[in-house]
Amino acid sequence: MATLHPQLVAFDLDDTLAPSKSPIDPRMAELLVRLLGVAQVCVISGGQFAQFTMQVIDNLTDVDSKALTRLHLMPTCGTQYYRYEDSAWTQVYAENLTDDQKQRALAAVEETAKALGYWESETWGPILEDRGSQITFSALGQAAPVAAKTQWDVDGAKKTALREAVQALLPDLEVRSGGSTSVDITRRGIDKAYGMNRLAELTGISLDDMLFVGDRLDENGNDYPVKALGVDCVAVEGWEDTASFLEALIPTLQTVSS
Ligand SMILES: [Mg+2]
C-alpha cells in the first residue's frame, strides 16, 4: 500500500520528469513548484549536476527561495548531494572514485566495447565520461539524439552483454545499466537505494515517509533498487504519467498541511 501522506517525494529524472536528457515541460515545472509548497522533493539520477540544472532547475519559474530549500538534488545516484543555501546551489558532499579505480574502469569498458563491436565511430560527443564518482559509457556519445539512442539497443541485449563482461573485469567495482545506451561504473553498492538511504540519514525523514516515482522499476531497471529497499514506489511510463499522478497527489497533501 502506498504511503498516503509522504513527507518527501523522490523522482528519477530521465523518462520520469522529462524525456531523456531534455528539459522538463512547463506543465511539469508548475507541478514541481506546487509540490515543493507541500512536501520535500528529491531528484535522484545517474546523471551529473549539470544535467539537473539544464533539465530541471533552469526551467522552474515562479519559485521562491524558501521552496527551493525543500529540493534535494542527488546526481550520480546520491554519491553527490546538492542543496539550495544562501541563494545558490551548494555541493554538500561528493564521494569520488580513486584515480586507480577510474583508470581501470575506463580501460575495461573501452576494451570490452571494442571487442564486442559496440565502439561506434559516428557519435555525438565523447563516449566515455569521468563524472567524478562515476565513469559513464554512452554508446553514441553524451549528446546523441533520443531517436538514435532508442534504436541502438532496442531489446537491451547490447547493454546487458557489455555490463556483464565489464563487471567480470572489475570485481571490486559495480557496473550497471544506465539510460538507453549507457553503462555506469561506480564503487560497489552505489545505486539509487544507496542514495535514498543517504537521503534518509541527511534529512531525518524515514524511508517509510517517502515515496519514489520512476520509469524503470522493473527488475533490470535502474530504479529497481529503491523498490527492493522497501520504499513505496509509483511506476510511470514517461513524464506525462508522472504529471497525472502529481495532479492527483498534490491536493491530498494540501489538505494535510492546511
Ligand atoms: Mg529513468
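Which residues of helix α1 (residues 26-36) are buried? The close-ups below, all taken from a predicted model, start with that one.

**View 1. The buried residues of helix α1.** Here you're looking at Met 28, Ala 29, Leu 31, Leu 32, Leu 35 and Leu 36, the buried residues of α1. Seen down the helix axis, they fall within an arc of 165 degrees, so they line one face of α1.

**View 2. Strand β1, covered on both faces.** In a regular strand, side chains alternate between the two faces of the sheet. Strand β1 (residues 8-11) has Leu 8 and Ala 10 on one side and Val 9 and Phe 11 on the other, and all of them are buried.

**View 3. The neighbours of β1.** Strand β2 (residues 40-44) pairs with β1 in the parallel sense, over four bridges. Helix α1 comes back into the picture here: β1, α1 and β2 together make a right-handed β-α-β unit.

**View 4. Ala 144, a buried loop residue.** Ala 144 sits in the loop between β7 (135-138) and α5 (146-152). Why does Ala 144 count as buried? Because it has 24 C-beta neighbours inside 10 Å, and the cut-off for buried is 20 or more. Leaving out residues up to four places away in sequence, Ala 144 touches Thr 123, Trp 124, Ser 138, Lys 149 and Thr 181. Pro 171 is 27 residues from Ala 144 along the chain, and their C-alpha atoms are separated by 30 Å.

Notes:
Residues numbered from 1 in each chain as written. Predicted model: local features only at pLDDT ≥ 70, side-chain atom pairs only at ≥ 80, totals over all residues. Buried ≥ 20, exposed ≤ 12 C-beta atoms within 10 Å, placed from the backbone. Helix = DSSP H or I, 4+ residues; strand = E, 2+ residues; numbered from the N terminus. Arc of directions from axis to C-beta. Contact = placed C-beta atoms within 7 Å. Pairing = 2+ DSSP bridges. Right-handed = clockwise from strand over helix to strand, strands pointing away.
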